[in-house]
Amino acid sequence: MSRSVTPMSDTVSPRSQRFRDSVHNIPTPGTDVHRPKRYEPLVLNIYIVGTIALLMICLGIALEIALRLSGRSNGFPVPEKNVFAFASTQTLTSFFPSLLVIPLAYFWAVADWMLRWYQPYVTLSEGNAPAARSILLDYIALNRLYTLYYSLKHRHWLINVSTLTALSAIFMQPLAASLFQVQQVSYTAAATATSTRSIGLSPTISQLTAFLASAGYADAAVYTNLQDPPFVHGAWSAAPFTAPAGSILNGTLAVNTTAVQTHVNCIKPTSFTTTNLTNSSVVLSATFSPSCNATLSLNPNDGPDQFSVTAASTCAPSYHDQNFQPVFFWYYHLSDNGDALGAAVFCQPSIAVFVVSTTMDLDDGSMGDCIIVEPFQYTNNVTGSPLNSEAYNGVVFDGSNNSYIAARALAINSGIPGAIYRFASQQPDGPQSVFDDPNGFLNATNKVYTQHLSIAAQTIYFLPDNTTISAELTSNIQRLFIETLPAHLLSVLFICIGIACLIIHILHKRSRRNLWLTSPPGSIAAIVSLTSRSGFGELLLPYDDETRMNRKLKGLTFCLDKRTGAIVAEEDFGVIDTSDSTTLLGSKGGYSAMLGVDSPSPLSRTSFKDKVEPENP
């Protein structure tokens, strides 16, 4: 492109008749003078760009993986107490993600700024560029929306896509700020519990304190509608266990433990009669099977409502003590019209020991349903000798010479049938409705008697122990969740920006292969060094606006001199009226010339002072 011409200060440029240039006088770098190193901004280094782009792609993939793990694991754990007391959890979950993406957004904004800064020089390195697409082109002075328009107009596709990615990077910050959310959810985690009891026969059964306490609880439960106590649920009585230490909100502890299941096996009689013998004698007769029947004599003068429980010795093996014999529950009521009503229930309690899966509510200690895992495999003094899995009836006991034990036995014997009758009396129509119901007292006996024996089983069939067992703790805790929509959008943004910018910078590096700048091109000195010998500056005046400059430079094409790197202009003699008359800022080339300064004649090279203040002859 550069042509050797003998230095002549008054010689017109061989490139144009409108100005003189002296590019041919510039020493050849690398031959006559040392050739400086090429200036390459650090932000345009392909290795740095590639690393950041790869990081963006990895972040996008990692975010999708984290989103899946968040859904599968019901969130991520967070400290129970805020690490930073001066900031709320919401502030932390929005501030730090934003802080992490700000450097990425800033990097691509700077990289886009550098590409726009370099674009006029890249165009010049390609050669044959009109003024509007080269020396008058200034993407830096424009906002990004105008940059999109003019990069499309001038077909600078890399600048267009780069500006789009820089604009899209702006959305990374609000998406990152809305990415995380802390919610209080029910979460299940592995834990341990301490079992404080194991299967074993209590040595203090004969004192009857356990039965007295359970009878009192059953009686109170009827009066005040109490629920089952801890580790008792219906017919089940589980080995007690303690929860892990710590503050647990609305927690439930699930364990596999041993439990005793009590069946009262109550049935109603196949036949029942109430016989009034005299005014002071009534006989209740009940038949439950051909070999199991009983009678009870009572005095109606003792009250209109009477109840009792007796040993069913005629229905039990002869070797059974009264402690283990089945029992009869008797109920008597004198109706308002004077009719004597009676009912009887036969119960033969039994127990079975299992390994069960159960839960405990850590707020109130109540036990949930028990699910049988397997039968209890070990033999001890409950499942083996001497008890052999036989159940205490809990209401009729062998005689004792100890007055305290005898008093407890009497209290229990009257307390349980009394609680059952009290339960019947609390029904909407009183005990009359329960007597009228064929299964009325059967259901009432099943309920109260089962609760009594299940509560007593906590003491009589378990011994103190201290064993660590596996558990699952379900509680309401704070968990960190990744929001689905922001995560998907941010992941797509990361991956698309990373891939797009990597391709852009690879192609832009290739387009800069013929560009050799030795200093940052933004300073005035750098621009002067590239154009001071080119001559076309003689066509311009210091006060020319962009429209005038575009008109004066019409018909010239610009490029970089391959020998020196200077910006040079050549006359395009085949162009009479270039169609590229629209400048970067949207101004048209035509306007009326004043004082002859806009004419492409040699007068345009006259200085402002010579034109405005001509010297007197």
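The model is a predicted one, in which local features need pLDDT of at least 70 and side-chain atom pairs count only at pLDDT 80 or more, while totals for chains, interfaces and linings use all residues. Residues are numbered from 1 along each chain as its sequence is written, and side-chain values use heavy atoms, with hydrogens and water left out.

To begin with the overall picture, the chain has 13 helices and 19 strands. Here helices (H or I, at least four residues) and strands (E, at least two) are DSSP runs, numbered from the N terminus. The chain runs to 617 residues, and 43% of them count as buried. Buried stands for under 20% relative accessible area, exposed for over 50%, and partly exposed for anything in between (1.4 Å probe, protein chains only). As for contacts (heavy atoms within 4.5 Å), 72% of those with a separation of 6 or more are made by residues 24 or more positions apart. The accessible surface of the chain comes to about 31500 Å², with 57% of it belonging to carbon and sulfur atoms; areas come from the Shrake-Rupley method with a 1.4 Å probe, and for residues only the protein chains shown count as cover.

Next come the cysteines. Two disulfides turn up in the structure, a disulfide being a pair of cysteine sulfur atoms within 2.5 Å. In Cys266 and Cys347 the bonded sulfur atoms are 1.9 Å apart, and the link is right-handed, with 105° about the S-S bond. Cys292 belongs to strand β11 (residues 292–298), while Cys315 is in the loop between β12 (305–311) and β13 (327–334), so the bond ties together parts 23 residues apart in sequence. Both Cys292 and Cys315 are buried. With the bonded cysteines numbered in sequence order, the pairing reads 1-4, 2-3.

Phe211 and Tyr392 are both buried. Tyr421 and Phe441 have ring centres 6.0 Å apart and planes at 25°, so they are stacked. Tyr421 is in helix α7 and Phe441 in helix α9 (residues 440–460), so parts 20 residues apart in sequence are tied together. Phe307, Tyr331, Tyr421, Phe435 and Phe441 make up one aromatic cluster.

Helix α9 also holds Ser454, which is buried at 0% relative accessible area. Beyond its neighbours within four places in sequence, Ser454 touches Val232, Gly234, Ala235, Trp236, Ser237 and Thr262.

Arg479 lies over the face of Tyr187, 3.6 Å from the ring centre; for a charge to sit over a ring, NZ of Lys or CZ of Arg has to be within 6 Å of the ring centre and within 35 degrees of the ring normal. There are four salt bridges, each a side-chain nitrogen of Lys or Arg within 4 Å of a carboxyl oxygen of Asp or Glu. Among them, Arg512 pairs with Glu40, with the closest N and O atoms 2.4 Å apart. Arg512 is in the loop between α10 (484–511) and α11 (524–531) and Glu40 in the segment before α1 (46–72), so the bridge ties together parts 472 residues apart in sequence. Arg512 is buried at 4%, whereas Glu40 is partly exposed at 31%. Asp112 bridges to Arg144 at 3.6 Å between the closest N and O atoms, and Asp112, Arg116 and Arg144 are linked in a network of salt bridges.

Conventions: Phe/Tyr/Trp six-rings, centres within 6.5 Å; stacked < 30°, edge-to-face > 60°.
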